There are 2 protein chains.
Amino acid sequence: MDEILNNEQIREQLSQFSGWKVSDKKIEKEFSFEDFRGSVDFVNRVANLAESANHHPEIEIDYDKVEIELSTHSAGGVTQKDIDLATEIEGVK
Amino acid sequence: MDEILNNEQIREQLSQFSGWKVSDKKIEKEFSFEDFRGSVDFVNRVANLAESANHHPEIEIDYDKVEIELSTHSAGGVTQKDIDLATEIEGVK
């Protein structure tokens with residue numbers, strides 16, 4: 001089973017990025033784009049990363065905004081898998 | 001401005017489909033797929049319909065489930081635009 005990270009560990013690992021909200025159970029961030037198409041294109045890039053990692057965020061699309069929520073449900077919290085995928089997502093935003 | 005439909009009008013127009021929740025302000029439905037890729041493929045089909053209609057639902061992806069929420073914000077309720085797009089979405093599910 002993957003080890004659950006505490007808030008301090010999570011914040012340290014995400015410190016190079018802005019806008020991630022950290023709680024006990026998940027990390028989440030809202031990304032903004034030019035328009036709906038920009039949002040959908042981003043979601044497709046995220047989907048490809050998710051499939052490669054076999055780890056899947058919850059995704060909300062509201063026109064030019066996309067909310068990404070990451071958690072490792074099997075572990076009941078945030079693990080390195082979530083940090084790694086968040087880092088990859090930052091690379092394709 | 002688009003005319004707001006009442007619940008009865010909405011339900012009548014959506015009567016051929018199952019699973020749509022109707023409220024004063026919006027209609028919503030959860031669609032299920034085989035897996036994450038199935039969900040994302042559906043979202044891309046919905047996105048193409050939305051762009052053609054220039055009317056954009058809110059979309060939530062949770063692995064093999066996609067929640068579609070339709071409302072005409074400029075009118076403050078559900079209009080024919082929402083019914084028409086819901087009908088098109090049913091055609092690509």
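Over all chains, the structure holds 14 salt bridges, each defined as a side-chain nitrogen of Lys or Arg within 4 Å of a carboxyl oxygen of Asp or Glu. The model is predicted: local features need pLDDT of at least 70, side-chain atom pairs count only at pLDDT 80 or more, and totals for chains, interfaces and linings use all residues. Residues are numbered from 1 along each chain as its sequence is written, chains are lettered from A and ligands numbered from 1 in the order in which they are written, and side-chain values use heavy atoms, with hydrogens and water left out.

Side chains of opposite charge can pair when their charged atoms come close. One such pair is A:Glu69 with A:Lys26, whose closest N and O atoms are 3.7 Å apart. This pair links distant parts of the chain, 43 residues apart. A:Glu69 sits in strand β4 (residues 65–70) of chain A, and A:Lys26 in the loop between β1 (21–22) and β2 (27–32). Helices (H or I, at least four residues) and strands (E, at least two) are DSSP runs, numbered from the N terminus. A:Lys26 has a relative accessible area of 26% and is therefore partly exposed. Buried means under 20% relative accessible area, exposed over 50%, and partly exposed in between (1.4 Å probe, protein chains only).

A:Lys29 forms a salt bridge with A:Glu90, with 2.7 Å between the closest N and O atoms. A:Lys29 lies in strand β2 and A:Glu90 in helix α3 (residues 80–90) of chain A, so the bridge ties together parts 61 residues apart in sequence. Both A:Lys29 and A:Glu90 are buried. A network of salt bridges links A:Lys29, A:Glu90 and A:Lys93. In chain B, the side chains of B:Glu90 and B:Lys29 meet in a salt bridge (2.7 Å, N to O). B:Glu90 and B:Lys29 are both buried.

Helix α2 (residues 36–53) of chain B packs with α3(B) at an angle of about 140°, the axes being 10 Å apart. Axes are lines fitted to C-alpha atoms, for helices over the stretch in contact, and angles run from 0 to 180 degrees between N-to-C directions. On the α2(B) side, B:Phe42, B:Val46, B:Leu49 and B:Ala50 meet B:Leu85, B:Glu88 and B:Ile89 of α3(B). Contact means heavy atoms within 4.5 Å.

A:Phe36 lies in helix α2 (residues 36–53) of chain A. At 1% relative accessibility, A:Phe36 is buried. Its contacts include A:Ile61, A:Tyr63, B:Ala47 and B:Pro57.

Conventions:
Lists of a residue's contacts leave out its neighbours within four places in sequence.
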